[in-house]
Amino acid sequence: MAVAAKKVAVTVWKMTLAKWAYNKSYFPSLGMMRDDCLYETDVVQEAIKRLPNNVYDARQFRMSRAISLSGCKDTLPKDEWTKLEEDELYLQPYIAEVERERDIKREWNKQ
């Protein structure tokens, strides 16, 4: 019983720290998500090409709004910031797929 309570306490502590760090980052104040801030390597660029149209359009909107706000040295109102609970890693499955395909291709070329 004490171990379960300790796990919950650690989890709550970690989540509180994660929320604090997330809110101290600049990108949530611009309405961006974590995957919007990835460095665009070849893998990431290929993953972006594979996004469904509605997800791609939402990403482009967030990026253009962030560029506009940053250029004006402004941020969104606090109630419009991206919250940690709403931030989804929408690009990660596509990145994993691209990396898997590249690994398979690399293995195939070794033979």
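Predicted model: local features only at pLDDT ≥ 70, side-chain atom pairs only at ≥ 80, totals over all residues.
This is a short talk about helix H2 and how it packs against helix H4.

Let's begin with the pair of helices. Two packed helices are described by the angle between their axes and the distance between the axes. Here, H2 covers residues 42–49 and H4 covers residues 92–110. The angle is about 120°, and the axes sit 8 Å apart. That makes H2 oblique to H4. As for handedness, H2 and H4 make a right-handed crossing.

So who is actually touching? From H2 we have Asp42, Val43, Val44, Glu46 and Ala47, and they meet Tyr94, Ile95, Val98, Glu99 and Arg102 from H4. If you sort the residues of that contact, you get six nonpolar, four charged and no polar.

Now, which residues of H2 are buried? Those are Val43, Val44, Ala47 and Ile48. They span an arc of only 135° around the axis, so they end up on the same side of H2.

Let me zoom in on alanine 47, which is in H2. Its relative accessible area is 0%, so alanine 47 counts as buried. Leaving out residues up to four places away in sequence, alanine 47 touches Leu91, Tyr94, Ile95 and Val98. Take the tyrosine: alanine 47 and tyrosine 94 are 47 residues apart in sequence, yet C-alpha to C-alpha they are 5.0 Å apart in space.

Technical notes:
Residues numbered from 1 in each chain as written. Heavy atoms only, no water. Axes fitted to C-alpha atoms, helices over the stretch in contact; angles between N-to-C directions. Helix = DSSP H or I, 4+ residues; strand = E, 2+ residues; numbered from the N terminus. Parallel < 35°, antiparallel > 145°, perpendicular 65-115°, else oblique. Left-handed = near helix turned anticlockwise from the far one by under 90°. Contact = heavy atoms within 4.5 Å. Nonpolar A, V, L, I, M, F, W, Y, C, P; charged D, E, K, R; others polar. Buried < 20%, exposed > 50% of the residue type's maximum accessible area, 1.4 Å probe, protein only. Arc of directions from axis to C-beta.
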